[in-house]
Amino acid sequence: MQLYCNSLTEYKRLATLEVKVGDLTIGNFNPIRIQTMTTTDTMDTAGTVAQSIRCIEAGAELVRITAPSKKEAENLLNIKNELRRKGYTTPLVADIHFTPNAAEIAARIVEKVRVNPGNYVDKKKFETLDYTDIEYQEEIDRIREKFTPLVSICKEYGTAMRIGTNHGSLSDRIMSRYGDTPMGMVESAMEFLRIAEDLHYRNIVLSMKASNPQVMVQAYRLLVQTMQQELGHCYPLHLGVTEAGDGEDGRIKSAIGIGTLLEDGVGDTIRVSLTEDPEFELPVCRDIISRYTHREAGKPASAQPVGTLPYSPYSYKRRESLVVDNTGDKHVPVVVADFKDAAALQPADLNAIGYTYDEPSDKWNIADAAADYIYTGSQAPAFALPGTLQVITDVAHWRTLADKESYVPYFTAAQYLENNTGGKKNIVAISCDDLDTTDNTRLFTALQQQATGVILAAYATGSNAMAAIRQLFIILAEKNIGVPVIIHSISPRSAMDEHLIHHATEAGALLLDGFGDGLWLTNHGQDATQHSTLNNIAFGILQATRTRISKTEYISCPSCGRTLFDLQETTARIRAVTHHLKGVKIAIMGCIVNGPGEMADADFGYVGSGVGKITLYRGKEIVKRGLNSDVAVNELIDLIRENGMWVEKQ
């Protein structure tokens, strides 16, 4: 297999080994399993049992519990026995960092143990280490010596294992040889996996988690390719975006990372990591996997020979495109708001998409997350618009307007081929459900001959929509057509939570591969109450894919038994005073496990370092240590000021 999946043009699950976790099976085309992790103190048996039950009743098929030391690992037996006494047989997973002896205890008690290869043997000191090949092999031998006892116990007790790599906790040794890269993440896991293979132990699931969905997706793809090439088979994959945050942003980021892989049939179990109570993660998991529960392969857009892709799925490079006004090439992706079904537009209607009209001054206030276009169908606003907002109208209506220069005509492919006399800028809709139609073929020919002033609006309506639109980009590259393309995601779902998952998955997957010069989100049954939410989702997708930054970004972990302060309350406090800092990345970590590593992807870090104690970071560098939590937020603000990144609220 030269790629990371069976097909880029139709939905096919990736074949993997089957792993038994108690009575639950993962991989080998079994249903995609959903799981979560408790946030209670593991020594609080009653509290952990009660929270586990809430998670199980919310749909969790596995429940993970942290075991940071031997005493917590030993107490897993009390937790398990109490759950079984109450009639709950859901498999339990012990989460291990730094402590092999705790893992060896837990493996005799619970159905699965998770180890982090970045800190199971190695200790992270952010040192640059220079190894000869012989010295590097000696380090691998040291890992084998430490890891073999756990493998032997798992084989004896029938315990499953997750080798869970985290971008934020790669060892100094891996970082020194491979850098802070997806390949470094893969090699970190493969070192452990090779040892397990040598010991004939295969009851293993792997994960490649990062807070950046782009890094996460690339790491999983590389892992699949590496396993296939080196081992000839693939282990089941546990998908997740770590430290995704809370609320809408956390859901968007998770759906982008997890959904991008599931769209290509990659992934066997998922966990959505939200800075919220764990039972709230399960509905998001269900919304994500519901897209694949009864999915059929769907009609491929067209056959794509393996190995001939005009882009790399393992590294990001934005597609090169022509510039049409404010769209294409180096411009940030534009956002289109769909007002086609709105009643006669009034200035107040634009509040929902970032434009507030002040009548006394006759001026518009424009937010950072303000749409660039509105599509109005067959109507035109009867008031003066803010200068940065452009209106798209159906071409038939556009041709009736006296002031054509102020509007952008919207064509179907057939309309454009019949009469392409339009404005300086023209939006041409292209259906990707069947790219081999006569109209599409003729449109490609026309664009090869003359593409000036054309922007495509690409949409697809089938279950295979993302792959179909991706195939359009492949065809455009093959035909050397550089027109800008707006991704028009159309959700057929019924609830807003499901709409969010649909748009984040389908548009996010394309943006992560460097495709798309704009984003246009439409819901079936859309009404005026959805304009604001859709606008927020659009800018949230662009933020999460790092293609257009319009707000502060928060990298916050989901909490667990290791957390040293109230993460939800603290995240809310920090957000309240920093949410206006456009482009600033702030990491909020409950403990040291992934804290310093994830600082590498953040400008500032707020990390629990003891009960009621906080350490502040600038990047990876510790700036202030051991602060009392009651003053730490103000100290964080001062740190941002000192680094010239603070602005006052408007």
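Is helix H9 (residues 281–289) mostly covered or mostly uncovered? Keep that question in mind while looking at the whole chain; the tour comes back to H9 at its second stop. The model on screen is predicted.

**Stop 1: the whole protein**

Show everything as a cartoon. The protein has 18 helices and 25 strands. Its radius of gyration is 26 Å, close to the 26 Å that the globule rule gives for 650 residues, so the protein is as compact as a globular protein of that length. Turn the view along the principal axes: the C-alpha trace spans about 80 × 55 × 55 Å.

Now switch to a surface. The accessible surface comes to about 24300 Å², and carbon and sulfur atoms hold 48% of that area. Of the 650 residues, 61% count as buried. Contacts can be shown next. Among those in the protein with a separation of 6 or more, 68% are between residues 24 or more positions apart.

**Stop 2: helix H9**

Select residues 281–289. This is H9, and the helix is mostly covered, with 7 of its 9 residues buried. Colour the buried ones: Glu-281, Leu-282, Val-284, Cys-285, Asp-287, Ile-288 and Ile-289.

What do these residues pack against? Leave H8 displayed for the next stop.

**Stop 3: a cavity**

Rolling a probe the size of a water molecule over the atoms shows where empty space is left. In this structure there are 7 cavities of 30 Å³ or more.

The lining has 14 residues, and to centre the view, select Asp-249, Lys-253, Gln-543, Glu-553 and Tyr-554, which lie nearest the centre of the cavity. Coloured by class, the lining of the second largest cavity shows 4 nonpolar, 4 polar and 6 charged residues.

**Stop 4: Thr-445**

Select residues 438–449, which form helix H12, and pick out Thr-445 within that helix. Is Thr-445 buried, partly exposed or exposed? Thr-445 has a relative accessible area of 35%, so this residue counts as partly exposed.

To finish, draw a distance from the C-alpha of Thr-445 to that of Leu-223. The two residues are 222 apart in sequence and 39 Å apart in space.

Technical notes. Residues are numbered from 1 along each chain as its sequence is written. This is a predicted model: local features need pLDDT of at least 70, side-chain atom pairs count only at pLDDT 80 or more; totals for chains, interfaces and linings use all residues. Side-chain values use heavy atoms; hydrogens and water are left out. On a 1 Å grid over the protein atoms alone, a cavity is a set of points where a 1.4 Å probe fits but cannot get out, and a pocket is an open set with protein on both sides within 12 Å along at least five of seven lines; lining residues have an atom within 4 Å of a point. Grid points are joined across faces, edges and corners, and a volume is the space filled by probe spheres set on the points. Ala, Val, Leu, Ile, Met, Phe, Trp, Tyr, Cys and Pro count as nonpolar, Asp, Glu, Lys and Arg as charged, and the others, Gly among them, as polar. Helices (H or I, at least four residues) and strands (E, at least two) are DSSP runs, numbered from the N terminus. The radius of gyration is taken over C-alpha atoms; the globule rule is 2.2 Å times the number of residues to the power 0.38. Buried means under 20% relative accessible area, exposed over 50%, partly exposed in between (1.4 Å probe, protein chains only). Contact means heavy atoms within 4.5 Å. Accessible areas come from the Shrake-Rupley method with a 1.4 Å probe; for residues, only the protein chains shown count as cover.
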